[in-house]
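Visitor: I'm new here and would like a walk around. Could you show me the structure before I start asking?

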Amino acid sequence: MTKKADLLLEILTEELPPKNLTRLAMSLKESIAEGLKTSGFEYELDDALLATPRRLVVILNNVTAKQPDQVIERKGPLSSISFFPDGAPKPQATGFAKSCDVSVEQLERLDTPKGECLYFKKTEPGKSIFDCLPDIVTEAIKKLPIKKQMRWGDHDITFERPVHGIILMYGRKIVPGIILEKTTSNKTQGHRFYNTSPITISSAKAYIKTLKKYAHVYVDFNERKNIIRTQTIHAAQRIGSPVINDALLDEVTASTEWPMALLAKFSNDFLSLPKEVLIASMEKHQRCFPVVDQSNQLLPNFIAIANIKPYRTKYIISGNERVMRARLSDAKFFYETDLKHPLNIYIDQLGHVVFQKQLGTLLNKTQRLQKLSGYIAKQLHFKITDIERAALLSKTDLMTSMVGEFPELQGIMGEYYARHDNEPETVAIALKEQYMPRFATDDLPQTATGQALAIADRIDTLVGMFGINQIPTGTKDPFALRRAAFGLIRIMIEHELHLNLNELIKETYNIYKHSDHPLPKEHLGVTLGTFILDRLATWVGQNGFTLDQYHATLGGPIWHEDLVLFHARLKAVQHFATLPEAESLAAANKRVKNILIKNEAGILKHVFKMDLLKESAEIQLARDISKRIETVAAFEKNCDYTGLLIDLAQLRDPVDRFFETVMVMDEDPKLQQNRLALLVKLRELFLKVADISLLQIGAS
Amino acid sequence: MFTSKKPQTFQDMILALQTYWAKQGCMITQPLDMPVGAGTFHPSTFLRAIGPEPWRTAFVQPCRRPTDGRYGDNPNRAQHYYQFQVILKPSPDDIQALYLHSISALGIDPKQCDIRFMEDNWESPTLGAWGLGWEVCLDGMEISQFTYFQQVGGLDCKPVTGELTYGLERIAMYLQNVDSMFDILWSHTPRVTYGDIFKQNEIEMSAYNFEYADVNALLKQFDTDELQCKTLLENKLPLPAYEMILNASHAFNLLDARHAISVTERQQYMLRIRALAKAVAEQYYTSRETLGFPLLKKDTA
């Protein structure tokens, strides 16, 4: 049995950016595990995430001490041609020996079916972990997803922040090496302010405990996260409960080593501010957790997380309160200044703010949105007046002081200010809802006005950006067009809004065409269509449909004429796939499709004639198909695609019998054409919903 | 970490910082005698960060940011304030420790408060400069900017300059436990507050910045400065050319305060300054190179 021990790597750095911390730590661990595996070492991988603002840490348990020995075998030339009659080696033999780094005498012989040949075999002893680890670590560091590499001092290396030390240990021993210009050691620094002298680590196993016990550092990210969560709840307990945003909790966890939650307060006067403003001030500006009472109302309190546990906490608390007071005073000043003017005074100013150079100002966009949302409202039979008003005011809150300070409150402030201006309630709500969904799983706009405006806003941006060739590539999507397209799809499908996407794009294009910013690029419908279709595939996958169901449905009627109907057909296909008849009918459809592809010429024009049918199976199928044509028409009219496919499922037996007993490609061309025409009809029935031949049933 | 006695006044605080940094081998130099928005514009920062020559200095720099004026009404914001700027080139490996010791030298005990290095990367599009670093927070309040320069004037920084910028008023408010910058005690004898010196200045300068600054004259000045800068560059005079950039920058900031520049134009003006800054940076590098990078020789001698 090979010897095993734990492996420890710590990269000690200056404070790392919190938002990238867990990604770096995970990547480092994965790359090192991968490197060990490739080099033939064994280890145990757990899911611990070890990272603090000043250290990236990897611990792998029970790593083998040595690579397995490698047996190297090589076959050389046949013995019969390797030697001169006097036994002296020919060049083939000496050449082979040389390539194996031995003399001819040292070569062995091996019997092969072709005859005896020269043979070389050696056992390469596996390298020790001590020899391999520095290179494995160096390679893993190269692969780190560092957002912005930096240099420091006059060093030639780069990293996310300056590096101060590397611990590399195997069991109790230091693995010697030089990584990022640092000589590996067993020494580190503890908490910045508690421990001024270096901490020595006795073994990889002892690392986490040593730092916790003697260095004021919780290395385990999730442990620290739980400590902060518990402390935060505890700190608020007496008065209410904290609002813990998980992203903020992660950020705070990533910026502390020895956290302590502290309850602080602010003046009641600030509670008159919109709650979103208070929350943004606390969460975004000060990285603090808000506190609510039992009825979920904000209290004039917040929880600050310090990275130290001082003897007296009151100074840190009063310091944080002072900063919060300054922040909230600013916010209150902005809010009160904004309330002095109605939103509509900003409309002209929108003309000074560029939306996109080639697409004009926010005023240009507003004017397009008015036309576009009017068009959408008409298509959806929504009340137009409020929608046009909402479109007119849609971007005005961007000009307010509050949104200038908190850009993420766009729309939300619009709603507050519109209400204050006594705009219709639907208009106020639409100003907020136009931005929804703000992220993939966010809520959708609930009001008709909000939905129309949300669709208009997204399609205007999509058509405009594609029209000037600002198309997302790879990970680059500066205008968040993917999110816009995904939101568009969600709103239309999940709210069952029957809009012809193709027509909508054309209308948007025309609105641009008749504005000051006509789009240079033509035929954008195709690229934009593909782009939206890609997002549709994502949506479909996220909503429990399989890829073959999606492709089958795409094979039916044109998807972009109505996404709601597309969804209905998709659901029908999903249900159909569960029917016992599905497998056989999918296979039959595939067969029909192949036959029709091979015999494409002109058959579509033919209608099958009853009097040309001979075999009983084809007569039966023809009768059944004729019957189904009538029933299917009713289902189709009601858009009941699930019912339609269930109805068609009855065709399984006649179809199966037809293929068992009837020869489609009969010698008589008349009979052949007639049978093809019958199959065309059969396929047309299914194609009203989907291309069932693409379903993979029972295949797996 | 040894914690000193708290300086009681604004002037004591400056003296404490100067004494501390002088001991760390920094020349104590003086502010630039021109309006600038930050210590970064001081030639001792912007120009000295260029090229291989070492540079260690500390100085107070008065800053003017016309748009931040609040007529003296806001306790935390003003159009004129002070930065304490420390430039360490190359940035020493213990630069964070040096900085933290300076905080202790101000009588702040890092074990009794919450000092944090929060990611904050710096970018100045007009100077073609960027760096990575932090804002340093003290009990939730930003008290310093800490930057490792990566590029200046479009040139890679080799070696890297470390820039430490202290917000003096904020630190003084903390040390003196006052809620308004105007209540900061500047000196004991005579007993003078920050407000005694600057309140009236804030009121009058805000009025000038927002209401009276002559837009046409400023627009013309910007163009003149730009032209002059180009002429100076043609005559291989990067130092006065740099001063023209500072003039143009300040004119631009005043125009901004007067809302005389639309968003679209803004970008154009910034690009114009950036082009000049790049040209000055390159020419300054060449002129130092022609001189044989004199400070480099001094350093190794």
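Predicted model: local features only at pLDDT ≥ 70, side-chain atom pairs only at ≥ 80, totals over all residues.

Visitor: Which residue of β9(B) does F146(B) stand opposite?

Guide: F146(B) is in β7(B), where it also faces W134(B). Look across to β9(B), and the residue opposite F146(B) is L164(B).

Visitor: How many residues of strand β7 (residues 141-152) of chain B are buried?

Guide: A residue counts as buried if 20 or more other C-beta atoms lie within 10 Å of its own. Strand β7 of chain B has 12 residues, and it is largely enclosed by the rest of the structure because the buried ones number 10 of the 12.

Visitor: In the hairpin of β7(B) and β8(B), which residue takes a positive phi?

Guide: β7(B) and β8(B) run antiparallel, joined by two bridges, with V152(B) partnered by L155(B). Two residues sit between the strands, and the one with a positive phi, near 55 degrees, is G153(B).

Visitor: Over in chain A, which strands stand at the edges of the sheet?

Guide: Three strands make an open, antiparallel sheet there, in the order β4-β6-β5. Two of them have a single partner strand each, so one side of each is left without a neighbour in the sheet: β4 (70-78) and β5 (108-112) of chain A.

Visitor: What do the buried residues of α13(A) pack against?

Guide: Seven of the nine residues of helix α13 (residues 425-433) of chain A are buried, among them V427(A) and L431(A). Those buried residues pack against α10 (384-393), α12 (412-420) and α14 (448-467) of chain A.

Key: Residues numbered from 1 in each chain as written. Chains lettered and ligands numbered in written order. Pairing = 2+ DSSP bridges. Helix = DSSP H or I, 4+ residues; strand = E, 2+ residues; numbered from the N terminus. Contact = placed C-beta atoms within 7 Å.
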